[in-house]
Amino acid sequence: MDVKSTPRYLYWLFCQFELITCSYLMEPWEKVLFYSFNLAMLGLLLYTTYVCVAFHASSAFQLLCSFLGNPRENALAVVK
């Protein structure tokens, strides 16, 4: 993709977004509220995804390390 056409492509994507959501019909103050809400929801979704993926990756890594660890230590941990 040509660097000069990148802003035009981004503008085209934004126009498509406005057409799909019908936000081109809104008044400016409505657009601000609509876009703010959408950005807040996107931010919360990304943050939640980051936290959950980090938690699950950490627990999967601990489980893998316990399987690959010393079998005698694992057997003693179960008995205790």
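Mentor: Begin with burial, where buried means under 20% relative accessible area, exposed over 50%, and partly exposed in between, with a 1.4 Å probe and protein chains only. Here, buried residues make up 4% of the 80 residues in the chain. This is a predicted model, in which local features need pLDDT of at least 70 and side-chain atom pairs count only at pLDDT 80 or more, while totals for chains, interfaces and linings use all residues. Residues are numbered from 1 along each chain as its sequence is written, and side-chain values use heavy atoms, with hydrogens and water left out.

Trainee: What does the accessible surface of the chain come to?

Mentor: Accessible areas come from the Shrake-Rupley method with a 1.4 Å probe; for residues, only the protein chains shown count as cover. For this chain the total is about 7300 Å², and carbon and sulfur atoms hold 73% of it.

Trainee: How many helices and strands does the chain have?

Mentor: Helices (H or I, at least four residues) and strands (E, at least two) are DSSP runs, numbered from the N terminus. The chain has 3 helices and 0 strands, and its pattern along the sequence reads α-α-α.

Trainee: Which residues does the UniProt annotation "transmembrane region" cover?

Mentor: UniProt positions are given in the numbering used here, feature names are shortened, and annotations may be inferred rather than shown by experiment. According to the unreviewed UniProt entry, the annotation covers residues 32–53. In the model that span is 100% helix and 0% strand, with its end C-alpha atoms 31 Å apart.

Trainee: Which residues make the nonpolar surface patch?

Mentor: Patches are made of residues with over 30% relative accessible area and no salt bridge; like charges are joined within 9 Å, and nonpolar side chains (Val, Leu, Ile, Met, Phe, Trp, Tyr) within 5 Å. In this case Tyr9, Leu10, Trp12 and Leu13 form a nonpolar patch of about 400 Å². Leu10 sits in helix H1, residues 6–21. Leu10 counts as exposed because its relative accessible area is 51%.

Trainee: Which side chains meet in a salt bridge?

Mentor: A salt bridge is a side-chain nitrogen of Lys or Arg within 4 Å of a carboxyl oxygen of Asp or Glu. The structure holds 1 salt bridge. It joins Lys31 and Glu18, at 3.2 Å from N to O. The pair links distant parts of the chain, with Lys31 in helix H2 and Glu18 in helix H1, 13 residues apart.

Trainee: Is Glu18 buried or exposed?

Mentor: Glu18 is buried, because its relative accessible area is 12%. Lys31, at 22%, counts as partly exposed.

Trainee: What is Glu18 in contact with?

Mentor: Contact means heavy atoms within 4.5 Å. Leaving aside neighbours within four places in sequence, Glu18 is in contact with Ser23, Tyr24, Lys31 and Tyr35. Ser23 lies in the loop between H1 and helix H2 (28–68). With a relative accessible area of 0%, Ser23 is buried. Not counting residues up to four places away in sequence, Ser23 touches Glu18, Lys31, Phe34 and Tyr35.

Trainee: What is phi of Cys22 near?

Mentor: Most residues other than glycine have a negative phi. Phi of Cys22 is near 60°, a positive value in a residue other than glycine. Cys22 lies in the loop between H1 and H2 and is partly exposed at 39% relative accessibility.

Trainee: How many disulfides does a search of the whole structure find?

Mentor: A disulfide is a covalent bond between the sulfur atoms of two cysteines. The criterion is a pair of cysteine sulfur atoms within 2.5 Å, and the search finds 0 disulfides. Cys15 is partly exposed at 23% relative accessible area, and Cys65 is partly exposed at 38%.
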